Amino acid sequence: MKRVLVFIICWLLSTAFVMAQQQVETLNRIKMQYQQAANDTLRLDFLFQLANGYRFSNIDSSLFYADVGIALADSINHMQFKARLMSLKGATLLESGRLPESMKYQFDAMNLAVKIKDEHTRAFALNRIGNAYMELADFK
């Protein structure tokens, strides 16, 4: 029985290692694509992927790429990506325990999404606002 348990533990650990390695390789590939992107809209997409990819493994990197994306979206007036990145940043802030900042970003993202009629991002922001209230045990 002990041999089976040891085998299962080793298998799980090796699987987790392989998956983590694949994520690192994927993020490195996205970074290269970002650097070689032909236009700012592609860069925004890669920044979103990087911010999302680092969301659970490296919060500082996730916030960094979200901030770079928000600034780029602002500079080229791409409000849809700005709203998406603000909501993603708010989600990352929530997971790091920074609820007031998270709520600010979610409400800003939701208001922008309403303004530009982006129902997809509005729904994500509303869901994430609900998650923050759930963390606060404020169910009303």
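Q: What pattern does the protein chain follow along the sequence?
A: In this predicted model, the protein chain reads α-α-α-α-α-α. The tally is 6 helices and 0 strands.

Q: How do you know that the span of helix α3 agrees with its number of residues?
A: Helix α3 covers residues 59-76, which is 18 residues.

Q: Which residues of α3 are called buried, and what makes a residue count as buried?
A: The cut-off is under 20% relative accessible area. In α3 the buried residues are Ser 61, Ser 62, Leu 63, Tyr 65, Ala 66, Gly 69, Ile 70, Leu 72 and Ala 73. As background, residues three or four places apart on an α-helix point the same way, because there are 3.6 residues a turn. Across the protein chain, buried residues make up 36% of the 140 residues.

Q: What happens just after α3?
A: Asn 77 takes a positive phi there, about 60°.

Q: Why is Tyr 133 called partly exposed?
A: Its relative accessibility is 32%. Buried needs under 20% and exposed needs over 50%, so a value in between is partly exposed, and that's how Tyr 133 counts. You'll find Tyr 133 in helix α6, residues 119-135.

Q: Which residues make the nonpolar surface patch of about 260 Å²?
A: Tyr 133 again, along with Phe 107 and Leu 136. A patch residue needs over 30% relative accessible area, and Tyr 133 has 32%.

Technical notes: Residues are numbered from 1 along each chain as its sequence is written. This is a predicted model: local features need pLDDT of at least 70, side-chain atom pairs count only at pLDDT 80 or more; totals for chains, interfaces and linings use all residues. Side-chain values use heavy atoms; hydrogens and water are left out. Patches are made of residues with over 30% relative accessible area and no salt bridge: like charges are joined within 9 Å, nonpolar side chains (Val, Leu, Ile, Met, Phe, Trp, Tyr) within 5 Å. Accessible areas come from the Shrake-Rupley method with a 1.4 Å probe; for residues, only the protein chains shown count as cover. A salt bridge is a side-chain nitrogen of Lys or Arg within 4 Å of a carboxyl oxygen of Asp or Glu. Helices (H or I, at least four residues) and strands (E, at least two) are DSSP runs, numbered from the N terminus. Buried means under 20% relative accessible area, exposed over 50%, partly exposed in between (1.4 Å probe, protein chains only). The expected span of a helix is 1.5 Å times one less than its number of residues.
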